[in-house]
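Trainee: Could you take me through the terms used for this model, setting each value against its cut-off?
Mentor: Gladly; let us look at the model together and begin with the aromatic rings.

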Amino acid sequence: MGCCGSSFLKEPGSDDKDHRPHHQRRNSYTASANHHRAQPSNGTDHLAGGAGGAGAGGGGVGSAGFILEFSLADLRSATNNFSSDFIVSESGEKAPNVVYKGRLQNQNNRRWIAVKKFTKLAWPDPKQFAEEAKGVGKLRHKRLANLIGYCCDGDERLLVAEYMPNDTLAKHLFHWENETIQWDMRLRVALYIAEALDYCSNEGRPLYHDLNAYRVLFDENGDPRLSCFGLMKNSRDGKSYSTNLAYTPPEYLRNGRVTPESVIFSFGTVLLDLLSGKHIPPTHALEMIRGKNILLLMDSHLEGDFSIEEATLVLDLASRCLQYEPRERPNTKDLVATLAPLQNKPDVPSHVMLGIPKHEEAPPTPPHPLSPMGDACSRMDLTAIHQILVTTHYKDDEGTNELSFQEWTQQIRDMLEARKRGDLAFRDKDFRTAIDCYSQFIDVGTMVSPTVFARRSLCHLMCDQPDAALRDAMQAQCVYPEWSTAFYMQAVALAKLDMHKDAADMLHEASALEEKRQRGGKGS
């Protein structure tokens, strides 16, 4: 699939002629690297889809967002024409935004997806819908069920996200009568969702609409993730809460606006759900809290198998989240700082704690034996990857830049000198110096080199900065959409980020591109 383009996507405006060399062309859903400067990365940013992160205010090769535009035909095929048998959740009559599961039918991509279908009335302007989706699509984190695409086709408005196969927190807490979530797993859920909210806040998207237990999903490993759908309003008029008004933040009832503090209030209601195993209105729960009757509040299905001290700390945090005055509530960093020390079983897999089988799907089989680069990436052998990139040099950059004589005389000398210093440092395995030099080359923006992005990506991996490595590999793909090395580097970065399913998909696509090249197409 890739993070910038895919063979199963429609290409708006594809009838227009483009006389540039094949690997200089840009699909309409990717930003042109020739007209944007990439932001230098210090490697400490959280994982994000665009250069500089979602809150960086644009710039960067991927400033439009690494998000795919699907055709309606693809999504109809994936969901069996939006069959009712594929519905996994839906909202009320006033906002009938239905969520389907589906499976892509492309020969190179058979991944499962979740598709949220909006009405045209909710988002009448397709451009506004697309821009909102692109903003959400910049976010990438292992605590999120990430958005991977959207569709605007006629009256249809759809979002496409990673599919989580193990149901919602609400179903596990409220509807599974014969099983219960053990206490340590509830603490993990609380921390992971706090980490997701903190990441979104750090990336400039602190608003989450209608946060509740139905927005918390369990992936194939049983790990809790926050649905990305809540990062986008249910409609362009800003209506954000479809649940019972008893659970909505008081300030939303006063002015109809969601603020970062409103999200904290909603997180407090999720903490109450985790404590009680029931969906208790906050006012009723606060009365219990004031009465210090914590045992009355706790889920009876736990049968006392929990720490009173830990439960008291979580209850205190919930009480702070549910304060009437928004300014008295904690922020997302406070949530993480409070919940992180309570994790007692960090080495026990989530699926074991949930008591469910691990949902495993065989990784796609490469269409042919892996190349040396593919083999090195599949083994995450960074030393072998380094040697291959040194040997390959810049042969894949041929034809990617056409400079006027004026541009050459004014800028190119210093820029090439910076790249040369980076190459020497890269060869000598001085990866931090290489990052600095390659960043100087990239920041000038006159020349765009996919190889430089790939090399800087490996440097970030060598420096244990997989988030920055993934961004650079994505940008290499944007410069050269069918370059298998860009996909291979994304696969290694995703694996380092414990996103192994996505890494396997990326390896498969890179191998398919190599096979295409062997058949006569360009793309290595």
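Mentor: The structure holds 8 aromatic pairs, where rings of Phe, Tyr and Trp (its six-membered ring) pair if their centres lie within 6.5 Å, and where planes under 30 degrees apart count as stacked, over 60 as edge-to-face and the rest as tilted. This is a predicted model, in which local features need pLDDT of at least 70 and side-chain atom pairs count only at pLDDT 80 or more, whereas totals for chains, interfaces and linings use all residues. Residues are numbered from 1 along each chain as its sequence is written, and side-chain values use heavy atoms, with hydrogens and water left out.

Trainee: Why is the pair of Trp183 and Phe306 called tilted?
Mentor: The ring centres of Trp183 and Phe306 are 5.9 Å apart and their planes stand at 50°, so the pair is tilted. Trp183 lies in helix α4 (residues 183–202) and Phe306 in the loop between α8 (294–297) and α9 (308–321), so that the pair links distant parts of the chain, 123 residues apart; helices (H or I, at least four residues) and strands (E, at least two) are DSSP runs, numbered from the N terminus.

Trainee: What makes Trp183 and Phe306 count as buried?
Mentor: Buried means under 20% relative accessible area, exposed over 50% and partly exposed in between, with a 1.4 Å probe and protein chains only. Trp183 has 5% relative accessibility and therefore counts as buried, and Phe306, at 16%, counts as buried too.

Trainee: What makes the pair of Tyr480 and Trp483 stacked?
Mentor: The rings of Tyr480 and Trp483 are 6.0 Å apart, centre to centre, with 5° between the planes, and the pair is stacked. Tyr480 is buried, with a relative accessible area of 2%, and Trp483 is buried with a value of 2%.

Trainee: How do you know that the charged end of Lys117 sits over the ring of Phe82?
Mentor: A charge sits over a ring if NZ of Lys or CZ of Arg is within 6 Å of the ring centre and within 35 degrees of the ring normal. The charged end of Lys117 is 4.2 Å from the centre of the Phe82 ring and sits over that ring, while the charged end of Arg419 sits over the ring of Tyr394, 4.0 Å from its centre.

Trainee: What makes β5 and β8 edge strands?
Mentor: An open sheet is formed by 3 strands in the order β5-β9-β8, with mixed pairing, and two strands pair if DSSP finds at least two bridges between them. The edge strands β5 (144–145) and β8 (216–218) each pair on one side only. Strand β9 (residues 224–227) pairs with β5 in the parallel sense over 2 bridges, and Leu226 in β9 is the bridge partner of Leu144.
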